[in-house]
Amino acid sequence: MRKAMILLAACSMLVPAAARTSKQQPSTPGKFKEFRDKMLGNYKDYRDKVLDNYDKFLDGVWTEMATFKGEEYNPKPKPKHVPELKQKETPVVLPVPDMPAPDSSEPSSAPEKSPSTPERAATPSAATGTPLSFDYHGMQMQLPAVSVRLMGACRDKTDFAGQWRNLARADFAGDFISAVRKLSDECKLNDYLTFDLLMSYAGHMFPEVDSSSRASFVHFMLNNMGYDARLGITDSGVTMLMLPLKQKIFARAFMEIDGQRYYVFTDDKHTPADIGGYINTCQLPSGVDAGSHFDLTIPDGLNLPYKAHTFEVNYGGMQLKGEVNANLMPLLYRYPQMPMGDYASSTLMPSLREDLVRQVKSQLSGMTQLDAVNTLLGFIQSGFQYATDEEQHGFEKPYFLEETLYYPKCDCEDRAVMYGYLLSKALGVENHLIFYPGHESVAVTLDSDIEGDNYVYKGKRYMISDPTFIGAATGVCMPQYKTTTPKIDYVYR
């Protein structure tokens, strides 16, 4: 790796604050430091020293590191037209899945959020202090207007270090962070959406400054909220935030620091997937607790202002109808692309899902298990119109289940998530969300044996039940995948 900036003596950055002379003033005033230490749980390691000395790190060693282009989750193109069963196929036993399956019965690792509130009644309250209303993906939010001035632009490490010191000296951070946490808890935002909220706030609060200066503000706030966030500058002068995520994500550039991926996030003027070459970033001392990673899953719903969008899906005597919160769609439109298991394990609107389960149970009650499974399968195959993400959006966009009920068309992974969820919650049928190159499907385990394409996993037989293969009943695999080893993305218990 090449060194991009002048090195400072490393030992000067690692000396504890208590060992410095009385002439040296700490970067962070006592009141805010006490608040921050309490909020972060009084870390016993070097976390407090990282924050107290962060301005010195910003003023010190910056390293030029290579970036990597975002990976594709499923590089093989999906079919442009929905496939249909043309003739009866000979059943086969498929290869055993080649990867252990994530278990949906395991408790989520996401942090606990405030108790659930009905989505329709969600109205985030104003934080204490002088409120500033700002647009958050079409919804009006309020946070305190902070009494601090940012630099017009941050062009190099000296500017970033100076702005950190100015923000640390300003008497606003404690109250502001409390307000951000309160609003985030009320809306039930996860780590990533809390970051996204701060980016929207900074854009409205400081419209007159360069995006580099706003990124510096968000960087300061995230680190003092307990997260690990890094600043980076490209050779062309673009400033970005780099975040370590709990999930591997796709279609987004990243760099590696000490074996950990840091994904690139920029303002709307730049395309993260296209950023290549080298990024200069501040080097932190090895072995310190740099902060928490960001979780992208949404485990227990979002509590946001409500805008009704009605849906109705009909096929073969079945019907699903109701309302979905249209305000979720702009919020999630450019959501980082996660593995499919993370979409399957997330929930946006718990009450909507409960209603879907009630409707399916009511309509399929009294049927045998196989008849109910195949009736639901046919409904998903033909009730939802098909289109690839590229055709509909111009980029790969897997849906959360609720999004499938909003957009006019969907593709294989969206159908698989919807089908797998309803199989499990409405019919009590354990199933796998399975991955093939260019395709996502489902496999079910039944109470009775039937003929058909299947594989055995942990002593259970799973029959292919494909919600995108039109006209195919449970036990029929698309011909091109009969000899392909599937990968299990998720287990619906």
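1. Helix axes are lines fitted to C-alpha atoms over the stretch in contact, and angles run from 0 to 180 degrees between N-to-C directions. The model is predicted: local features need pLDDT of at least 70, side-chain atom pairs count only at pLDDT 80 or more, and totals for chains, interfaces and linings use all residues. Residues are numbered from 1 along each chain as its sequence is written, and side-chain values use heavy atoms, without hydrogens and water.

2. The chain contains 15 helices and 18 strands, taken as DSSP runs (helices H or I, at least four residues; strands E, at least two) numbered from the N terminus. Of its 493 residues, 55% are buried (under 20% relative accessible area, 1.4 Å probe, protein chains only).

3. Helix H5 (residues 157–169) packs against helix H8 (residues 211–224) at about 55°, the axes lying 10 Å apart. The contact (heavy atoms within 4.5 Å) involves Phe160, Gln163, Trp164, Leu167 and Ala168 of H5, and residues of H8 including Phe217, His219 and Phe220.

4. Most residues other than glycine have a negative phi. Lys188, in the loop between helix H6 (173–187) and helix H7 (191–205), has a positive phi near 60° and is buried, at 4% relative accessible area.

5. Asp258 also has a positive phi, near 50°. Asp258 lies in the loop between strand E7 (254–257) and strand E8 (260–265) and is exposed at 75% relative accessibility, the cut-off being over 50%.
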